[in-house]
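Please keep the sequence and the model in view while reading.

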Amino acid sequence: MVIGHGGNSSMSQSYADQTARVYLKAYQTLGVKMKAILVAPSSTRGWGHIGNSLILSTISDVQRRYAIDPDRIYLAGQSMGGHLTLSSGPLVA
């Protein structure tokens, strides 16, 4: 499960990383229930132009490291991360 964090396009890297960790913790119970690997890349420039590239490269990296069923890749997010799921979801499906 790829989780897109909320925020804005002018976040510092440390704040974006901290926000991504908060989202990982928030989704942890669901991840355990689903027996899922959770990843939450961080973006200091929003998800607009960089979102698709960042999400697809993150998925590719995780697939190289673990046996991932391509039919069980999910995107989730809130606020700015919700926009990411809308724009990148069709590319992942």
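The model shown here is predicted.

Which residues of α2 are buried? They are G51, L54, I55, T58, I59 and V62. These residues lie on the same side of α2, because they cover an arc of only 130° around the axis. On the other side of the helix, H49, S53 and R64 are exposed. The cover over the buried residues of α2 includes the strands β1 (2-4) and β2 (75-77), together with helix α3 (80-92).

In soluble globular proteins, nonpolar side chains tend to be buried together. Here the largest nonpolar core has 13 residues, and those with the most contacts inside it are V2, W47, I55, I59 and V92. Two or more residues of this core come from each of the elements α2 and α3. Helix α2 gives the most, with 4 residues. The surroundings of I55 can be followed in detail: leaving aside residues up to four places away in sequence, I55 touches V2, P41, W47, L75, L84, S88 and V92. Apart from this core lies another, of 7 residues, among them M1, A20, Y23 and A76.

How many salt bridges does a search of the whole structure find? The search finds 2. In one of them, the side chains of D61 and R64 meet at 3.6 Å, N to O. Both residues lie in helix α2, 3 residues apart, about one turn of the helix. D61 also forms a salt bridge with R65, where the closest N and O atoms are 3.1 Å apart. R65 and D61 are 4 residues apart in α2, again about one turn of the helix.

D61 counts as partly exposed because its relative accessibility is 27%. R64, at 62% relative accessibility, counts as exposed, and R65 counts as exposed at 59%.

Technical notes
Residues numbered from 1 in each chain as written. Predicted model: local features only at pLDDT ≥ 70, side-chain atom pairs only at ≥ 80, totals over all residues. Heavy atoms only, no water. Buried < 20%, exposed > 50% of the residue type's maximum accessible area, 1.4 Å probe, protein only. Arc of directions from axis to C-beta. Contact = heavy atoms within 4.5 Å. Salt bridge = Lys/Arg side-chain N within 4 Å of Asp/Glu carboxyl O. Core = buried A, V, L, I, M, F, W, Y, C linked by side-chain atoms within 4.5 Å.
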